[in-house]
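Biologist: I have the model open next to the sequence. Can you take me through it?

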Amino acid sequence: MIEAYSNELTWIAVFSFIVAFFLAFGVGANDVANSFGTSVGSKVLTLRQACILATVFETLGALLMGYKVSDTVRKDIFDLEMYTDEEKLLMMGNLAALFGSAVWNITATVLKLPISGTHSIIGAVLGFTCVAKGFRGIRWKTLGFIIASWFLSPLLSGLVSVAIFLLIRRFILSKEKPGEAGLTALPFFYGFTVFVNVISIVLDGSPVLKLDKVPAWGGVTISAVIAIIVAIVIRVKLVPKERKKGNTIREQNELALENPIALDENEEESDDSRPEVANLFKSLQVMTAVFGSFAHGGNDVSNAIAPLVSMWLIYSDNQDGETPAWLLIYGGIGISAGLWIMGRKVIETMGKDLTKITPTSGFTIEIGTATTVLLASKLGLPISTTHCKVGSVVFVGCARTRSTKDVDLKLFRSIILAWVVTLPFTALFSAIMLLGLYAMTVP
């Protein structure tokens, strides 16, 4: 049926590809940037190093894990059956959604505000649906879950990250020989970090990697075995090397050894006071950020290209087909461009402006966020990775100083406001765009 007027739809397809690139650009500048913000803020990575790692692992994640993630945006917000025999309307709606989400992602990035790319595109899809079909067919339960995540995500992630930070402070930083205590715990930290990140990729994973056929018990077993092997290697290979390096640091800091710094309730930078401990968490933080980047590429590439995929499958008369690999690569290129060109803005917000980040606090933020996202997704709870990361940054910032004095609460309130207006703003932009397309195409 669509072949009879495919030429009439070519302009929609062309503009959709152009606008989708700008949306991917905005997602890269905003969402990807906040993934590496804490690593750059703690000076574990330079901005250039973060951009290189993000480019590689975001693209790999998109290509290897991005095939099934667009279904939520394409099918769960509204009933696709409403558009039977109305392919042109659905294509214009997807173009409007791409436009609405792109405008808000880029605007928020210019304002240095980290937002949820998922909420952005869902709001845009909701906007064009209301114009095209009214409130009929909207799945309000899904929408309610999204609204709940505004509050649930930062709270849960913040509490998990603080719990990990307090354990590190209690059992490592406050010890008479914190470096040795850190080395004892290092294999566990590596093992736990690898387990959390591997299981988040394996469970219900990519059909390209055949991970969707792995049962839950198999995913847990695989992750546990890999984690144990990593922990053993760290204990045998890395711990002796780091112990030797720690001895060198102590020898170069004899004054600190003669007058050890005691932690008190006003201590602001306990992990900077223990350089041999801070050094242990640097590679852990990089590893967690890399895992997070890979998972983000797989899960959030849909935020940039889901409407484009929907449009293309309609245009090519293959609505039941799978997402083409070249579309995933296209989205990955746009995401990488946004990170390189505008990523600095949100990286500064996450890594410096909200609160000061150190290697130890940065690691707790990264692993706390990853753990929360994993647990919540498997329990079916609505979670935004961006909201989780911001919540962890703020909560750990308060826990580190036992006050809010080192946290920019005004900036935090601005970020929360941006979260709240994301869905209605993108819905409005998308609705206006679709009305404009109507005016241009309907006699």
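Biologist: What does the accessible surface of the protein chain come to?
Modeller: About 18,900 Å², and 65% of that area belongs to carbon and sulfur atoms. The areas come from the Shrake-Rupley method with a 1.4 Å probe, and for residues only the protein chains shown count as cover.

Biologist: Ground rules, please.
Modeller: This is a predicted model, in which local features need pLDDT of at least 70 and side-chain atom pairs count only at pLDDT 80 or more, while totals for chains, interfaces and linings use all residues. Residues are numbered from 1 along each chain as its sequence is written, and side-chain values use heavy atoms, with hydrogens and water left out.

Biologist: What percentage of the residues count as buried?
Modeller: 54% of the 443 residues in the protein chain. Buried means under 20% relative accessible area, exposed over 50%, and partly exposed in between (1.4 Å probe, protein chains only).

Biologist: How many helices and strands?
Modeller: The protein chain has 14 helices and zero strands. Both are DSSP runs numbered from the N terminus: helices are H or I with at least four residues, strands are E with at least two.

Biologist: Where does UniProt put the feature "transmembrane region"?
Modeller: The unreviewed entry places it at residues 9–27, 47–67, 88–107, 143–168, 188–209, 216–236, 325–342 and 415–440. UniProt positions are in the numbering used here, feature names are shortened, and annotations may be inferred rather than shown by experiment.

Biologist: What is the model's secondary structure over 88–107?
Modeller: Residues 88–107 are 100% helix and 0% strand, with the end C-alpha atoms 29 Å apart. Residues 216–236 are also 100% helix and 0% strand, and their end C-alpha atoms lie 30 Å apart.

Biologist: Pick a residue. Where is Ser 101, and is it buried or exposed?
Modeller: Ser 101 is in helix H4, residues 87–110. Ser 101 counts as buried because its relative accessible area is 0%.

Biologist: Which residues does Ser 101 touch?
Modeller: Leaving out residues up to four places away in sequence, Ser 101 touches Leu 23, Ser 120, Ile 121, Ala 124 and Thr 426. A contact means heavy atoms within 4.5 Å. Across the protein chain, 86% of contacts with a separation of 6 or more are between residues 24 or more positions apart.

Biologist: New topic. How many aromatic pairs?
Modeller: The structure holds 14. One of them is Trp 11 with Phe 15, edge-to-face at 6.4 Å centre to centre and 70° between the planes. Rings of Phe, Tyr and Trp (its six-membered ring) pair if their centres lie within 6.5 Å; planes under 30 degrees apart count as stacked, over 60 as edge-to-face and the rest as tilted.

Biologist: Where do Trp 11 and Phe 15 lie?
Modeller: Both are in helix H1 (residues 6–41), four residues apart, about one turn of the helix. Trp 11 is partly exposed at 25% relative accessibility, and Phe 15 is partly exposed at 46%.

Biologist: And Trp 312 with Tyr 315?
Modeller: Trp 312 and Tyr 315 form a tilted pair, 5.9 Å centre to centre with 40° between the planes. Both lie in helix H10 (residues 275–315), three residues apart. Trp 312 and Tyr 315 also belong to one aromatic cluster with Phe 17, Phe 21, Trp 326 and Tyr 330.

Biologist: Last one. How many disulfides?
Modeller: Zero in the whole structure, taking a disulfide as a pair of cysteine sulfur atoms within 2.5 Å. As for cysteines, Cys 51 is buried at 4% relative accessibility, whereas Cys 130 is partly exposed at 28%.
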